[in-house]
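Please keep the model in view throughout.

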Amino acid sequence: MVEPQALADGAARTVISWTGGKDCNLALLAAWRDPSLEVAALVVFRPQDATFRAHPIPLMEAQAASLGLELVHVVIPRDATSYKDAYVTGMRD
């Protein structure tokens, strides 16, 4: 059972960076329990055509589904000259 999220008026829509591990889970819990934040989705940043070194994508998709949240994939292009710029662009798209 998922703990209901209590939201304040005007809560900011928020996404949580997700790798499937304990640290992002704790970040999700803190955001979930903060009434000023509305957790709208989880987001995974992954390299294009490269081995993903975090938890397997199917596991992260199952985690998100069990929480009733979308898992948004942001692919970092292999030819990106700046990881940060690719990250920001991916989030805007």
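Q: On what basis are the values computed?
A: This is a predicted model, in which local features need pLDDT of at least 70 and side-chain atom pairs count only at pLDDT 80 or more, while totals for chains, interfaces and linings use all residues. Residues are numbered from 1 along each chain as its sequence is written, and side-chain values use heavy atoms, with hydrogens and water left out.

Q: Which residues have the most contacts inside the largest nonpolar core?
A: In soluble globular proteins, nonpolar side chains tend to be buried together. A nonpolar core is a set of buried Ala, Val, Leu, Ile, Met, Phe, Trp, Tyr and Cys residues joined through side-chain atoms within 4.5 Å; buried means under 20% relative accessible area (1.4 Å probe, protein chains only). Here the largest core has 14 residues, and Ile16, Trp18, Leu28, Val39, Leu42 and Leu71 have the most contacts inside it. Helix 1 (22-32), strand 2 (37-47) and helix 2 (57-67) each supply at least two of its residues.

Q: Which element gives the largest share of this core?
A: Helix 1 does, with four residues.

Q: Which residues line the largest pocket?
A: Rolling a probe the size of a water molecule over the atoms shows where empty space is left. A pocket is an open set of points on a 1 Å grid over the protein atoms alone, where a 1.4 Å probe fits, with protein on both sides within 12 Å along at least five of seven lines; lining residues have an atom within 4 Å of a point. The lining comprises Val2, Glu3, Trp18, Asn25, Leu28, Leu29, Trp32, Gln63, Leu67 and Leu69. Helix 1 contributes the largest share, four residues.

Methods. Buried < 20%, exposed > 50% of the residue type's maximum accessible area, 1.4 Å probe, protein only.
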